[in-house]
Amino acid sequence: EFPSSLETIGKSVFFKCSDLKKAIFPNDSKLTKIQYRAFYSSGLMEISFPASLKIIGFNVFESCTKLRSISFESASELTAIGDFAFSSSNIISIELPKSLNKIGVSAFKDCKMLTTLVIPKDSELTSIADSAFAFTAITSLLITPKLLTIGVSAFSNCESLQNVTVTSHSVLETISANAFLSCGFDSFSTPASVTTIDDFAFSECKYLTTFTFADDSRLLNIGEQVFQNSNLSGVLSIPASVKDIGYRSFYSCEELSEVMIPCDSTVQIGIEAFKDSGVKSIQVPPAVSCNDCDTTIVRGCVPSSQPSGQPSGQPSGQPSMRPSSQPSSQPTSPTSKPSCQPSGQPSNQPSSQPSNQPSGQPSGQPSGQPSTQPSAQPTTQPSGQPSTKPTGQPSTQPSGQPSGQPTTFPTTVGL
């Protein structure tokens with residue numbers, strides 16, 4: 001048992017002390033800091049930290065293979081757990097104190113027996129560093145209101161992690177590279193505050209079928225190979241705020257059938273973003289570019305009234321937001337709502353062709369007014385040139401006549 005007056009346990013003082021089984025601190029302990037490798041690879045089996053402890057340093061309990069139980073006082077003042085602090089130990093569960101602000105690099109990495117991680121809902125935690133819980137057996141995770149960053153590989157290869165819950169008013173901004181690589185959950189919802197999802201963040205998540213963005217999402221970047229080899233299915237709606245979708249972001253997502261992009265999007269779709277996925281075509285507004293993304297771009301868009309937070313996992317039989325192939329029965333007027341389709345060009349169709357003008361449109365134009373009917377000039381389109389309208393759409397042009405007038409149907413461009 002340590003004396004109550006002890007304030008610091010120094011570096012490596014119990015380094016590889018294999019016969020040390022228990023460390024006991026009195027209730028009135030003044031201990032504030034345990035320094036680098038203090039109990040490294042010792043024989044400790046359990047430890048209860050005093051409320052006065054503020055810092056657990058680097059590698060303090062690393063490789064303590066007999067360590068099963070650790071606990072903190074309810075009034076704990078702990079603010080930081082250092083890098084590799086409990087790495088490769090055999091602790092079974094941990095309930096973090098509310099006061100904890102930072103979890104260091106690989107702090108609990110390779111704790112193969114760790115199944116239970118409890119983080120209080122009112123936690124002060126702001127940062128979970130790189131590989132902090134990688135290769136553990138935790139089954140659930142709570143993303144608390146003050147957490148800003150989930151580090152690189154923070155929960156990678158946590159194959160037993162089946163439930164991730166985001167608290168209301170989350171301020172999480174960054175999900176770093178490999179953060180949830182090869183995890184076991186089947187759904188994930190990102191809070192509106194997230195701006196970046198980095199490379200491989202959800203790659204190899206074999207059970208992930210549904211991914212939901214918040215309706216008011218501020219997401220800017222979806223990195224490279226983020227969802228590669230995941231099991232995303234159905235329809236996925238990309239938020240209007242997204243500027244970049246990286247290289248092979250959705251590579252080999254074979255169950256993903258449709259991607260929706262809203263009208264006001266200016267996203268750039270990276271090379272092979274949907275390669276070997278179930279997505280065959282994507283509707284995009286004119287401002288969107290797709291660089292050799294191994295699919296077909298259809299120039300159209302999802303109306304802005306469509307919520308960006310629609311999750312993937314929707315059945316592909318849901319009503320599509322693609323432009324209808326049926327000709328409109330409403331006349332065009334100057335007050336019509338602007339369309340996301342590329343604007344039409346003046347027609348060169350001979351006036352002898354039957355008009356596509358809706359029957360309700362007035363036919364009598366004053367002689368001095370510019371005519372809305374096609375002019376009598378000969379068409380400039382070669383008679384043998386194929387139409388750019390997707391095959392299978394019902395045509396309003398007479399059979400055998402070439403059309404020079406741009407159709408309101410989406411133009412399909414193979415990439």
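**Close-up views of a predicted model**

Phenylalanine 211 is buried, with a relative accessible area of 0% (buried means under 20% relative accessible area, exposed over 50%, partly exposed in between; 1.4 Å probe, protein chains only). This is a predicted model, in which local features need pLDDT of at least 70, side-chain atom pairs count only at pLDDT 80 or more, and totals for chains, interfaces and linings use all residues. Residues are numbered from 1 along each chain as its sequence is written, and side-chain values use heavy atoms, with hydrogens and water left out.

**View A. Phenylalanine 86 and phenylalanine 108 form a stacked pair.** Rings of Phe, Tyr and Trp (its six-membered ring) pair if their centres lie within 6.5 Å; planes under 30 degrees apart count as stacked, over 60 as edge-to-face and the rest as tilted. By this rule the model has 26 aromatic pairs. In this one the ring centres are 5.2 Å apart and the planes meet at 5°. The pair links distant parts of the chain, 22 residues apart. Phenylalanine 86 is in the loop between β7 (80-81) and β8, and phenylalanine 108 in the loop between β9 and β10 (116-118). Strands (E, at least two residues) are DSSP runs, numbered from the N terminus. Both phenylalanine 86 and phenylalanine 108 are buried.

**View B. Phenylalanine 202 and phenylalanine 211 pair edge-to-face.** Their ring centres lie 5.1 Å apart, with the planes at 75°. Phenylalanine 202 is buried, at a relative accessible area of 0%.

**View C. Lysine 98 lies in the loop between β8 (93-95) and β9 (102-103).** Lysine 98 is partly exposed, with a relative accessible area of 44%. Beyond neighbours within four places in sequence, lysine 98 contacts Pro120, Asp122, Ser123 and Glu124 (contact means heavy atoms within 4.5 Å). Leucine 78 is 20 residues from lysine 98 in sequence; C-alpha to C-alpha, the two are 8.4 Å apart.

**View D. The charged end of arginine 37 sits over the ring of tyrosine 40.** The distance to the ring centre is 4.4 Å. A charge sits over a ring if NZ of Lys or CZ of Arg is within 6 Å of the ring centre and within 35 degrees of the ring normal. Arginine 248 lies over the face of tyrosine 251, at 4.4 Å from the ring centre.

**View E. Over residues 304-310, pLDDT stays under 50.** pLDDT is the predictor's confidence in each residue, from 0 to 100. For residues 304-310 the model has 18 contacts beyond four places in sequence. Residues 314-415 also have pLDDT below 50, with 105 contacts beyond near neighbours in sequence. Where pLDDT is low, the predicted coordinates should not be read in detail.

Notes: Helices (H or I, at least four residues) and strands (E, at least two) are DSSP runs, numbered from the N terminus.
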